[in-house]
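Hi,

Here is the structure I promised to pass on to you. Have a look at it first, and then read my notes below.

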Amino acid sequence: MFGLKKKQKQDIDDQAAVDGPKARSPLGDIAKMLNASGRIALPTLQKLVKVYPVAKFKIFMEQPVLVGSSIQSGSLNLQKRASKEEMNRTVVFDLDDAEETSSPSETLKHAIYSLVKGEYASGPVNSFTIGRVDGNDMIMPDYAISKQHAILEIKRGVYTIMDCGSTNGTMVNGKRVDKKPASLRDGDVVGFARYEFTFLFPESLYDMLSGSED
């Protein structure tokens with residue numbers, strides 16, 4: 001799909017013009033490009049941004065994304081000789097008194113979760129689950145993350161998130177979220193335990209990837 005020859009790109013563009021703006025994205029189906037954890041590869045998005053204008057990129061993305069931004073500084077109360085059963089439980093995360101954040105690791109920098117269900121995902125189309133184990137739409141295999149940590153719902157272009165009684169909590173712009181849904185807006189910082197993500201609409205993601213600034 002990438003490294004397209006000029007004629008191949010023109011054929012795609014011509015077909016898109018015939019199909020119209022409401023047709024399936026000419027760049028492909030994003031659901032088929034997600035890995036088992038719900039991520040989409042950063043190099044994939046970078047290549048798309050170099051080749052296509054923002055209008056086509058927005059059609060391809062379909063929904064906003066959560067982009068890894070920082071990791072809270074603290075410690076996990078994980079015993080060295082924990083039993084197998086204990087290791088299967090969520091571990092309490094203690095935030096440092098200074099409440100500083102560390103620089104994002106290379107892995108977190110590349111963590112881009114699309115709010116689109118994977119090709120073989122189950123559950124309601126407008127409900128996006130976040131948790132530690134398989135079966136969630138966004139899987140974060142970390143002991144600080146609960147098995148089912150939070151749920152993000154999409155209804156008529158409105159995005160809300162609520163916590164599922166997680167051990168270490170869900171935050172939006174520094175405020176803890178409970179079972180009452182909290183609205184999400186472009187640029188909001190969303191935290192799951194020690195991990196923070198930036199909630200970005202496709203156009204803002206395009207700007208970030210292309211290096212443009214307001």
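**Notes on the model**

Let me start with a loop: E62 sits in the stretch between α3 (54-61) and β1 (65-72). Please keep in mind that this is a predicted model. E62 is not a glycine, yet its phi is positive, at about 70 degrees. With a relative accessibility of 40%, E62 counts as partly exposed, because the partly exposed class runs between the 20% limit for buried and the 50% limit for exposed.

R156 is found between β8 (150-155) and β9 (158-163). Its phi is near 55 degrees, which is again a positive value in a residue other than glycine. R156 has a relative accessibility of 88% and counts as exposed.

Now for the overall picture. The protein has six helices and 14 strands. Of its 214 residues, 40% are buried. The accessible surface comes to about 12,400 Å², and carbon and sulfur atoms account for 49% of that. If you take the contacts between residues at least 6 apart in sequence, 56% of them join residues at least 24 apart.

Next, the strands. Strand β6 (residues 127-131) runs parallel to β7, and two bridges link them. In one of the bridges, I130 has M138 of β7 as its partner.

T129 is also part of β6. Is T129 buried or exposed? Its relative accessibility is 12%, so T129 counts as buried. Setting aside neighbours within four places in sequence, the contacts of T129 include G135, N136, D137 and M138. Q148, A150 and I151 are also among the residues that T129 touches.

Elsewhere, strand β13 (residues 189-192) has two partners to look at. Strand β10 (residues 170-172) runs antiparallel to β13, with three bridges between them, and V172 is bridged to V190 in β13. Strand β14 (residues 195-200) is antiparallel to β13 as well, this time with four bridges. Here F192 has Y195 of β14 as its bridge partner. β13 and β14 form a hairpin with two residues between the strands, and A193 takes a positive phi near 55 degrees in that hairpin.

Finally, the helices. Helix α2 (residues 42-51) packs against helix α6 (residues 202-210) at an angle of about 90 degrees, and their axes are 10 Å apart. That angle makes α2 roughly perpendicular to α6. On the α2 side, the contact is made by L42, L45, Q46 and V49, which meet L205, Y206, L209 and S210 of α6. Six residues of this contact are nonpolar and two are polar, while none is charged.

Q46 of helix α2 deserves a look of its own. Its relative accessible area is 35%, so Q46 is partly exposed. The C-alpha atoms of Q46 and L209 are separated by 6.2 Å, although these two residues are 163 apart along the chain.

Happy browsing, and do write back if you have any questions.

Best wishes

Note on methods:
Residues numbered from 1 in each chain as written. Predicted model: local features only at pLDDT ≥ 70, side-chain atom pairs only at ≥ 80, totals over all residues. Heavy atoms only, no water. Axes fitted to C-alpha atoms, helices over the stretch in contact; angles between N-to-C directions. Parallel < 35°, antiparallel > 145°, perpendicular 65-115°, else oblique. Contact = heavy atoms within 4.5 Å. Nonpolar A, V, L, I, M, F, W, Y, C, P; charged D, E, K, R; others polar. Buried < 20%, exposed > 50% of the residue type's maximum accessible area, 1.4 Å probe, protein only. Areas by Shrake-Rupley, 256 points an atom, 1.4 Å probe, with all protein chains shown as cover. Pairing = 2+ DSSP bridges.
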